[in-house]
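Have the structure open while you read.

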Amino acid sequence: MTHDLRKGALTRRGVLQGATALGAAGLILPGSMRAARAEPQRGGTFRIGLGHGNTTDGYDPGLWDNLYAQVFAAARHNQLIEVDADGQLIGEIAESWESDDGKTWVFHIRQGVTFHSGKDVTVADVIASLNHHRGDDATSAIKQFFDPVVEIRADGQSVVVTLDAPNGDFPYLMSDYHLAIMPGSDGKIDPTSTDGCGPYIVESFEPGVQASLNRNPDYWKPGRAHFDRVEILAILDSAARLNALMTGQVELIDQIDPATIGMLEARNVARIISIPGNAHYVFPMDSRAAPFNDNNVRLALKYAIDREDMVEKILGGHGAVSNDNPIGPANRYFYADMEPKTFDPDRAKYYLRQAGMDSLTIPLHVADAAFSGAVDAGALFAETARQAGININLVREPNDGYWDNVWMQKPFVASYWGGRAVEDHMFTTGYAAGAAWNDSFWEHERFNELLVKARSEVDEDLRREMYQEMQRIVSFEGAVVIPMNNNYVMATALNIGTPDQISANWNLDGFRCVERWWMT
Amino acid sequence: MAALIRMIAQRLALGVLTLFIVSVVIFFATELLPGDLASTLLGQAATPETVAALRRQLGLDLPAPVRYWNWLTGALQGDFGVSLANRRPIADLIAARLGNTIFLALYAAALAVPLALILGILAALWRNSVFDRAANAGALTAISFPEFFVAYILVLWLAQSGYFPSMVRISPVSTFGEKLYMAFLPALTLTLVVTAHMMRMTRAAIINLMAQPYIEMARLKGMSPLRIVLRHALPNALAPIINVIAINLAYLITGVVVVEVVFVYPGLGQLMVDSVSKRDIAVVQAIALIFASAYVLLNLTADVLSTLTNPRLMSKG
Amino acid sequence: MGWLFLAFGIVAAFGLAALLRRAALQLAPAEWRSALADMPLTAAFGLMVIAIYIFVALAAPLLAPFPEREVVGSQFQPWSLQHWLGTDRLGRDMASRLIYGARNTVGIAFATTALAFIVGSLLGLWAALRGGWLDQTLSRFVDALMAIPSLIFSLLLLTIFGTSVLTLILVIAAVDATRVYRIARSVAQGIVVMDYIEAARLRGEGSWYLIRREILPNALAPLVAEFGLRFCFVFLTISSLSFLGLGIQPPLADWGSMVRENATLITFGDITPLLPAGAIALLTVAVNFVVDWQLYRASGLKEQAG
């Protein structure tokens with residue numbers, strides 16, 4: 001039922017363009033939180049209660065789609081490349097990598113790493129693991145990312161990947177969580193095996209209930225994997241998660257009901273960790289269909305929403321107002337000075353009159369599957385829009401089937417994005433003409449032209465200008481209302497230590513809390 | 001006795017018919033749901049090609065009647081197949097959870113049935129007294145709170161102060177005592193939910209008999225009211241009481257998904273809801289049949305027991 | 001402290017109910033007086049509560065200080081003179097939503113239960129009367145539907161047919177109707193073998209006449225008893241459905257969903273979710289007190305007649 005894939009499938013930051021600080025992406029913890037910090041130490045059982053997990057979860061890396069599967073995978077597997085807490089790519093099973101032309105990529109495989117079964121990690125294993133997502137019969141969720149791959153072959157202790165066109169961001173793809181390195185035989189991995197080369201070894205797994213893992217005594221990374229044992233529990237009910245944390249039955253929970261964050265803080269039994277990033281909630285409109293084909297109507301809606309109120313009530317303050325901008329404050333070319341849109345019923349009415357209407361009645365289709373609090377957010381939107389003469393009829397759809405039946409099917413819906421670390425990636429996936437996830441079916445000539453041009457622009461200032469113009473176009477002419485950027489919010493027991501910087505690339509420290517955090 | 005056996009045989013045959021109808025209804029209702037296993041497994045990342053490839057692998061590209069026929073012929077031979085979602089044999093997937101579900105149902109029944117009988121008998125004995133009214137109002141209040149809400153209140157009172165765990169973590173190595181301790185709160189929640197119905201029926205059934213001439217006779221002979229109720233009224237009131245207990249037992253087995261979610265209890269209800277949402281039809285079918293069988297068998301047992309306790313029904317055949 | 005308050009409230013309510021019964025006795029027409037005279041205090045209390053609920057439901061726009069859906073300020077405001085019961089998670093006035101909730105909840109529950117009873121009891125009585133293959137077909141089908149857990153079945157149907165208030169009513173009514181069918185059929189089976197039905201048949205009366213004039217009046221008591229509980233179960237079903245992610249359409253206020261929306265707060269001892277839950281509980285108790293009284297009267301009258 002959850003579809004976290006969109007939460008930023010990859011963080012592709014142009015490696016060829018050099019490393020720019022993605023500092024805002026990682027959280028600098030406030031002073032009070034640092035108190036919990038001590039030198040990492042070994043030991044303890046880390047029990048995690050997640051609001052995800054399904055009895056249908058399995059071991060096949062191509063089908064991992066929710067936070068439970070992602071954390072469980074991070075606990076037992078390594079990938080070629082890891083994204084560290086401040087957003088930099090660092091080598092994991094690939095010790096290093098290089099490309100001369102952006103077309104042929106060479107990944108040098110780390111030697112001396114073993115699987116839990118004791119077998120050495122070889123070049124053949126890596127190739128089998130990659131090929132699992134590739135080819136006609138592949139059923140992997142990231143199959144499309146391998147479409148440009150022409151060939152994957154071994155070259156001594158290296159894996160050589162050849163693309164049909166240069167792509168400087170290709171190593172980012174290799175950090176995707178689906179690309180677990182698993183033992184291969186005859187060029188294939190066994191998608192029902194738990195064997196990996198990650199920090200913990202699976203002891204038992206009951207899908208939708210719990211997984212228990214013990215520390216891998218031969219784990220190759222120094223200074224990682226501090227817990228003796230990790231238990232990952234699926235606790236779907238938010239009150240049950242809170243109770244489990246408060247009664248000491250788990251040390252970490254995710255998805256905290258915003259209504260209760262304040263109360264939990266006041267109890268002083270847990271530490272709330274709130275990580276701002278590029279994730280955002282969105283109400284896309286079908287820009288091909290009336291009345292949304294008129295930009296005046298779209299602008300009227302954008303001025304008829306009270307963004308601050310929504311951040312307060314839907315996110316419990318754990319987030320920031322967005323100016324209909326899919327590029328977030330953690331992005332390099334984020335346009336912070338863009339003229340903000342405040343809730344202004346008169347202005348909304350003005351745009352409505354410009355569109356030749358006195359009033360407007362439209363249905364808005366929502367379900368909490370779109371994002372937690374989507375139904376409430378829709379109710380708030382309807383309330384403020386009413387003051388501007390726009391009558392939003394809220395239609396609550398079943399969570400089940402929302403992405404099949406409602407999203408990109410109905411003209412005005414709710415949805416979410418994890419945001420992308422690279423502007424081009426965000427725009428190309430969600431806003432380029434004809435893109436698979438262009439959920440507003442939006443086409444803008446100037447925007448599409450800039451999108452192509454900006455990719456190859458080398459002058460930093462010009463590039464910034466282009467991306468900022470594109471943000472302006474989406475914000476004022478696009479067909480999406482983006483009221484807010486949501487933080488990743490989690491709560492830990494007081495005896496859990498975390499590094500100063502926690503990754504904003506994915507939830508729970510990039511799923512790596514299991515190997516980066518410790519018990520004090 | 002022959003009549004009884006004939007009745008059992010007849011009812012079992014009808015039960016099989018019921019199971020067949022259930023399997024058809026469930027199969028085609030699941031078919032009507034938007035999307036299928038392939039598209040839900042791939043989620044938003046689904047592209048037409050990957051969905052088509054996955055459908056081919058899972059055999060979902062066959063027409064629905066063919067798939068139903070394949071399932072049916074397999075099921076008739078005792079082969080319920082594997083979960084299409086994670087390729088685990090359905091028997092493995094279900095066995096442990098079925099055990100958990102039955103454990104919780106029996107645990108709750110062991111608390112609720114005696115409680116309901118005692119309260120019901122006392123309420124009938126002292127009918128229209130303050131006790132009767134209070135027991136009635138209390139039971140009605142308990143059933144008018146949604147299950148999850150009763151559960152949250154119990155957790156607030158009994159788990160946050162550390163008496164009982166708010167979350168059930170049963171493993172194969174748990175001892176029976178540990179299980180009883182860990183599953184106490186869900187069992188108590190269910191007890192509160194089902195007691196009212198059984199209590200009211202016990203009370204009504206006994207009161208119904210109290211006006212009968214033979215009870216009057218016993219009363220005139222100077223028997224104590226409690227003795228009259230226990231010796232004369234209760235045995236004759238057993239049929240409706242057994243029936244309502246059977247209905248509630250069936251509910252405890254089949255209807256407790258909400259309690260399972262709140263206490264993170266790995267039972268069949270959660271598995272069924274998950275499998276429906278993933279369109280994992282083979283698992284949905286298997287659980288639906290287990291639930292339906294439980295329902296049919298409990299009703300049959302209730303009828304057989306009612307007949308045995310009431311010789312007049314027996315002679316009627 | 002809270003308990004004292006509750007006890008005081010109960011005593012006061014029953015006192016008021018006693019007064020009401022006396023007043024009704026004075027005012028009621030002569031033929032009702034005998035019925036009212038032996039009315040127990042609990043039934044008077046139940047009637048009073050039901051009357052208040054109906055009044056609140058009908059007069060909601062006049063009673064509620066704020067509109068049902070209007071956001072009036074920040075979220076979770078404490079109780080105050082302006083917002084009697086504070087505000088909810090979106091900053092809507094809690095008291096107003098409870099008042100409007102009476103209208104929606106009671107309306108939906110009544111419509112659903114009424115529909116379930118009309119369909120279920122008519123089919124049940126018809127099947128019992130006609131017997132034969134009609135009875136067999138209907139009964140086997142109903143048996144099969146009842147063997148599917150009702151919550152999961154409702155979930156399935158609502159996902160297929162959408163979640164408008166109308167579908168919600170139809171789906172819950174359809175699932176409930178199977179239960180009503182069974183009771184109606186089993187009660188009617190005892191009646192159709194009676195002599196007076198045979199006599200009416202010989203007179204050449206049609207099925208509809210027999211159901212309406214001969215069977216229904218004699219089968220009413222157990223059906224009424226069932227109605228009391230079924231009526232209240234509708235709230236619970238809506239509440240459980242909203243627990244599983246379906247339920248009533250926002251921004252309609254409905255007690256079942258309101259319990260769900262605010263349920264997490266009980267974890268911190270906040271009593272907000274107790275308000276709608278209490279409203280449901282009070283109505284359940286009241287309805288069943290009245291039902292008990294009616295049953296008692298029905299059985300009492302029969303005893304006299306027999």
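## Ground rules

A polar contact here is a pair of N or O atoms within 3.5 Å; within protein, one must be able to donate a hydrogen and the other to accept it, and residues adjacent in sequence count only if both atoms are side-chain atoms. This is a predicted model, where local features need pLDDT of at least 70 and side-chain atom pairs count only at pLDDT 80 or more, while totals for chains, interfaces and linings use all residues. Residues are numbered from 1 along each chain as its sequence is written, chains are lettered from A and ligands numbered from 1 in the order in which they are written, and side-chain values use heavy atoms, leaving out hydrogens and water.

## Chain A against chain C

Eight residue pairs are in polar contact between chain A and chain C, both residues at pLDDT 80 or more. H10(A) is the top contributor on the chain A side, giving seven residues (helices, H or I, at least four residues, and strands, E, at least two, are DSSP runs numbered from the N terminus). That side splits into 14 nonpolar, four polar and 11 charged residues (Ala, Val, Leu, Ile, Met, Phe, Trp, Tyr, Cys and Pro count as nonpolar, Asp, Glu, Lys and Arg as charged, the others, Gly among them, as polar).

There are also four salt bridges between chain A and chain C, a salt bridge being a side-chain nitrogen of Lys or Arg within 4 Å of a carboxyl oxygen of Asp or Glu. Asp376(A) and Arg89(C) pair up this way, at 2.9 Å, N to O. About 2400 Å² is buried between chain A and chain C, 56% of it on carbon and sulfur atoms (buried area is the accessible area, 1.4 Å probe, that two parts lose on being put together, summed over both).

## Chain C against chain B

Chain C and chain B bury about 3900 Å², with 78% from carbon and sulfur atoms. Ile152(C), Leu156(C) and Phe243(C) supply 15% of what chain C buries there, more than any other three residues.

For chain C and chain B, the rule finds one salt bridge; Asp292(C) and Arg200(B) meet in a salt bridge at 3.0 Å, N to O. Four residue pairs are in polar contact across chain C and chain B, both at pLDDT 80 or more. H12(C) gives the most to the chain C side, with 12 residues, and that side has 30 nonpolar, 10 polar and six charged residues.
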